[in-house]
Amino acid sequence: MGMPQKSRSVKKSQREAGLFGEAYERESRLLPLIGEQKDIRYYSTSAKSILNGPETTGMGFWSINPYVGCAFGCAYCYARYTHRYVMQRASDNERMENALANRYEEMPPWLAFERNIFVKQNAPDILAKTLRQGSDKYLSLLKGEAIVIGTATDPYQPAERRFRVTRRILEVLAEHPGLKVVIISKSPLITRDIDVLSRINRHSDLSIHISLITLDRDLARKLEPRSPTPEARIRGLARLREAGIDAGINCMPVLPGITDNPSDLEALVKRVSEVGATYVGACALRLRSTAKQRYMPFIMKEFPHLEERYRNTYGNDSNAGSKYREGLTQFFHELCERYKVENWARVDDTNDEGDGALSAECSIPSLQLALPFPG
Ligand code: SF4
């Protein structure tokens, strides 16, 4: 015997409209707005997984990014494309409230990356489940593969002051001895968490990379408009070292014709060595198409005399020439020896796969050394 006609149609309309009506169903799907700060809006998003494996990123390590989008707004940022995927998905799935949908329509994607930040509030819980003691993933991480936090957005951007997702992630990691953890950030806010970092440091291999490409405050303001000043980052580095935590700098990317003056780079390495940096990593700018869409108009506006040289170098390639990269390597190697920085690393991934992780910050080269500008 079939279902009575009326009851069948009620079920169908409930399914179609949802139990509480279409408006309610739609609203419950929307990404919740959880905060505003001047021109930045924060939305909560639920991550299904948080620990991205090397096979997903194409890089030789695991990565964690607690936020999508980054308010620091660096002109050379390579990671803007990650945000576009999230915006597109939210739009396709009708998860945008009106204001976000309007911003999606009106704002260029490079700016949306800086102004609409998605907060993975459930990330610490997901990580705790993934890394429960004895789980396959935890056991495989004990073999020495690194977890890098902050490969695509800064884990200590302003959002972290309020939402503390990075801190809660670190608290989970502190429960798991034997890991290898790397954190990349431009912000001295990381020193707020020295207590948790010290706990990780006791039982795991921890290393902090502070991103710093120039000591020039005005130039930094131009290139990285909302980032902490160079002095603030150096003070942060000093505090980490005083706490006995392994910490150094990522001088990435070296920007051709802008931050590659040899005496400036020397002053930078000297300064960080004075506060005990154990590591200096450097690489030339790498400019993939999404980064180019933001970076080239920036060059035309702020450094018009460099436009042609950049076009010659990066017109058909996302990497600087090998001669330039080798010169840069040699130069930093010598600086690290001169100022007794223990570890020097050239992060020079020219593989176009993956999210660009450590090389993320890498995007352009031109040593004003004895080297010609590439191209
Ligand atoms: S380069 Fe890093 S700090 Fe700068 S905007 Fe991109 S993710 Fe943020």
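**View 1. Helices H10 and H11 lie roughly parallel to each other in this predicted model.** H10 covers residues 165-174 and H11 covers residues 194-203. Their axes sit 9 Å apart and meet at an angle of about 25°. Angles under 35 degrees count as roughly parallel, so that is the label this pair gets. Look at how they pass, too: the crossing of H10 with H11 is left-handed.

**View 2. Here are the residues where H10 and H11 meet.** On the H10 side you'll find Arg-167, Leu-170, Glu-171, Leu-173 and Ala-174. Facing them from H11 are Val-196, Leu-197, Arg-199 and Ile-200. Sort the residues of this contact by type and you get six nonpolar and three charged, with no polar ones.

**View 3. Now for the largest nonpolar core, a set of 97 residues.** Which of its residues touch the most other members? They are Tyr-76, Val-119, Cys-251, Val-254 and Val-280. Helix H17, residues 322-338, supplies the largest share of this core, with six residues. As a general point, nonpolar side chains in soluble globular proteins tend to be buried together.

**View 4. Stepping back, the whole chain has 375 residues, and 44% of them are buried.** How much of the contact between residues at least 6 apart in sequence joins residues at least 24 apart? The share is 81%.

Key. Residues numbered from 1 in each chain as written. Predicted model: local features only at pLDDT ≥ 70, side-chain atom pairs only at ≥ 80, totals over all residues. Buried ≥ 20, exposed ≤ 12 C-beta atoms within 10 Å, placed from the backbone. Contact = placed C-beta atoms within 7 Å. Axes fitted to C-alpha atoms, helices over the stretch in contact; angles between N-to-C directions. Helix = DSSP H or I, 4+ residues; strand = E, 2+ residues; numbered from the N terminus. Parallel < 35°, antiparallel > 145°, perpendicular 65-115°, else oblique. Left-handed = near helix turned anticlockwise from the far one by under 90°. Nonpolar A, V, L, I, M, F, W, Y, C, P; charged D, E, K, R; others polar. Core = buried A, V, L, I, M, F, W, Y, C linked by C-beta atoms within 7 Å.
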